[in-house]
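Welcome! Take a moment to look over the molecule shown here, and then let us walk through it together.

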Amino acid sequence: METLPPPPLLQKLKVHKLSSIITKTHTFIHSIAILFMLYYRLIINFKCIPYWFLIFLSEFVLSSLWLLNSVHLFSPVTRTTFPENLVDDNNELPEIDVFVCTADPVKEPATVVVNTVLSAMAVDYDPEKVTVYLSDDGCCITTLCALREAWRFGEVWVPFCREFGVKKICPEAFYRTVGDDDDEEEIKGGNEYLQQRENVQKKYEEFKERLKKIQENGGTKDTMVHFGPYIEIIGCGAKDKIPSLVYVSREKKPSHPHHFKAGALNVLLRVSGMISNSPYILMLDCDMHLNDPSSARQAMCFHLDPKMSPSLAFVQFPQRFHNVSKNDIYDSALRACFVVKWPGMDGLIGPMLSGTCFYMKRKALYGTDIHKDMDLSELKKYFGSSNEFLSTVITSINHTQNDAGVKEFADDKIQEAKFLASCTYEQDSQWGEEIGFLYHSVVEDYFTGFILHCKGWKSVFCNPSRPAFLGSSTTNLNDTLVQGTRWNSGLMEVLFSRFCPLVYGLKSRMPLLECMCYAYLAAQPLYCFPAWVLAIIPQLCLLNGIPIYPKVSSPWFAVYSFLFVSTLSKYLWDVVNTGGTTRTWWNEWRVWMIKSITAYFYGTLDAILKLYGFRKASFLPTNKAVDDEQQLMRYQMGIYDFQASKMFIVPLVTIVILNMISFAWGVTGKVIYEGRFSELFGQVLVAFFILMVNYPILEGMIFRTDKGSIPISVTLLSMLFSFGLLLFGSVFVTHADKQ
């Protein structure tokens, strides 16, 4: 009997063994040094007990977070896909729904939104198997009218991309680099291509003019303001040979919680179930356009792999950004996550869900407790009261195709879809609790991914050489810290809840190392405590002549020296080994310090206030529109811009001033005049290191006079706080001495 050939290879895994060995060895040695440090702190005779306790606690927290973080690199892997080996017959490829979310027409301009939509429509996939949904949580007429215009232009743009194999399928990105793009060298077509490109460009300019008029007029006459749920099928792909396009705006009332982005995604999940009910979903933020038309096929290399598919929930692509400068002074690229941590988690049971750029299996969002033998009454307890929607759930569970199509939906079921998008539909159901995207935290991506992994689902990280998606990141300090505060508040909500990763994860039998990875991200805001303590207490003790570190001549000093050098050098190796530079390493240290003092602190405080009912959850989208060209120019030049809220700048300047005073007095008064170099060298070094890392703050406060410098009023207010800390420290030490 003739044996059948093996199926074609769809994906390949490479384990980075050397990196794994180095990390595990370093973690073992570094952990031993940490134990010696904590032992020294326990046996030392420290005369100011409160200061000793704060220092000990900060070193313990810092060491614990370091240990949790080190686990990310225990099993780093990379994956390669072979989309060319997918079956050519389009009938074998599953349908895909694309979710694009927008919430604020001011911070997320319609031009940005429709470019993302157009890139999704131009994906290299059977157009009859792709349906694009736009969730407009701002309920804005301008967005709806812009989407209608996008459909008209899409009838030209999508065929152009398909005919000539255009890779840069976002029209704005394509024409921004037209004539100066390496991708164009691969396009064949000669004069015909050039002529078509010029014709489409003219239509794109006309399209942008129409968008401009729409934004100026605030809509068009044929559009009515809607307060309830509104659904409109902008175009049907079956007729026009391009993907179908659907506009969805859910009902929102102040008397009903709307659960921010997670609530909008769950409405899309229900409405799309009625229309197309595709088994896979691509989730995109409104500013994150497709940069590689083959991303869907790359994701299917994992989802259609028979060995991987049954337990695979989602394929996560990295977020890449077109507006990040080479220097990246604010760490806008989130390099540590997408280049270091996520490949490491991929070697365990998979990376975390990252909010956008992922292909999700619909069935995974419907819960593991749902099975095909459940009757309608049981299903209604989970999914709500719509019988029509429940039939689509059964279809998804049974792995059968939905043949209803957009046309039938448009004719017969529009009212049912509106009911699914109403603000009362989720009452007495498990939406947001067990079904769909979960509501427990404003970081719905982190929490939903965590629960999926707890239920036994897995994920993979796909990081092709050509960025599959490109978006816009924060390019100023204020937006970076506002965004960080929101994220860290949501993470702390999870840490303080019954879903704490080290407790709930282990109870759910999630692998220990994966639990530690999730625990690190949830506990990351706690960096604020050691950062504040080590930026203040050693300096106050230095000014009052109290040594808190071993003498230079003591063997214990070697322990602290080793830990300091070991931490810096290992992180430098991680950065360089993943394609970074020493400048990248230095910038990330600075951003870590800045975020620890501000975003981590305010995020922790916000979570505590919400925990005790003093504050309600809130969500503010990051500004996607660039308003200040000078601010953007400073970012591109690598110059910090301190046009930010005082709540962020004042603490940073206060810390820098305090360390300036401490360093100056420590060197002159204590080291030179009193000759206490050996006793106080550690504290002098800490103050010097903080000043070196945060030199841009020092520069913005003293040497700069441009608009982006630190205002005099902020400097004076920070000086007042610094002198208050100095006075409090001196009084406290004096009081402790008397006791």
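Which residues are linked with R634 in a network of salt bridges? The network joins R634, D641, R704 and D706.

## About the model

This is a predicted model, in which local features need pLDDT of at least 70 and side-chain atom pairs count only at pLDDT 80 or more, while totals for chains, interfaces and linings use all residues. Residues are numbered from 1 along each chain as its sequence is written, and side-chain values use heavy atoms, with hydrogens and water left out.

## Salt bridges

Side chains of opposite charge can pair when their charged atoms come close. Here, a salt bridge is a side-chain nitrogen of Lys or Arg within 4 Å of a carboxyl oxygen of Asp or Glu. By this rule the structure has 25 salt bridges.

One of them joins the side chains of D706 and R634, at 4.0 Å from N to O. This pair links distant parts of the chain, 72 residues apart: D706 sits in the loop between α27 (695-702) and α28 (712-738), and R634 in helix α24 (residues 629-636). Helices (H or I, at least four residues) and strands (E, at least two) are DSSP runs, numbered from the N terminus. D706 has a relative accessible area of 30% and is therefore partly exposed, whereas R634 counts as buried at 10%. Buried means under 20% relative accessible area, exposed means over 50%, and partly exposed is in between (1.4 Å probe, protein chains only).

E674 takes part in a salt bridge with K670, at 3.3 Å from N to O. E674 also meets R676 in a salt bridge, at 3.7 Å from N to O. E674 is partly exposed, with a relative accessible area of 38%. K670 is buried at 9% relative accessibility, and R676 is buried at 18%.

## Aromatic rings

Now for the rings. A pair of aromatic rings is described by the distance of the centres and the angle of the planes. Rings of Phe, Tyr and Trp (its six-membered ring) pair if their centres lie within 6.5 Å; planes under 30 degrees apart count as stacked, over 60 as edge-to-face and the rest as tilted. A search of the whole structure finds 54 aromatic pairs. In one of them, the rings of F160 and Y193 are stacked, because their centres are 6.0 Å apart and their planes are at 10°. That pair links distant parts of the chain, with F160 in helix α4 (residues 141-164) and Y193 in helix α6 (residues 190-217), 33 residues apart. F160 is buried, with a relative accessible area of 3%, and Y193 is buried at 4%.

How are the rings of Y549 and Y560 arranged, stacked or edge-to-face? Their centres are 5.4 Å apart and their planes are at 70°, so the pair is edge-to-face. Y549 lies in the loop between α20 (528-543) and α21 (555-577), and Y560 lies in helix α21, 11 residues apart. Both Y549 and Y560 are buried. Elsewhere, ring pairs link a cluster whose members include Y520, W585, W592 and F689.

A charge can also sit over a ring, if NZ of Lys or CZ of Arg is within 6 Å of the ring centre and within 35 degrees of the ring normal. R270 lies over the face of W431 in this way, at 4.8 Å from the ring centre.

## Two residues and their contacts

Where does H289 lie? H289 is in strand β8 (residues 289-290), and it is buried at 6% relative accessibility. Contact means heavy atoms within 4.5 Å. Leaving aside neighbours within four places in sequence, H289 is in contact with several residues, among them N115, C170, H322 and F469.

Y504 belongs to helix α18 (residues 501-507) and is partly exposed, at 22% relative accessibility. Not counting residues up to four places away in sequence, Y504 touches F450, I451, C454, R498 and F499.

## Positive phi angles

Most residues other than glycine have a negative phi, and most peptide bonds are trans. C139 is not a glycine, yet has a positive phi of about 50°. C139 is found in the loop between β4 (130-136) and α4, and counts as partly exposed at 28% relative accessibility.

D428 is not a glycine either, and has a positive phi of about 60°. D428 lies in the loop between α15 (414-420) and α16 (444-454). With a relative accessible area of 76%, D428 is exposed.
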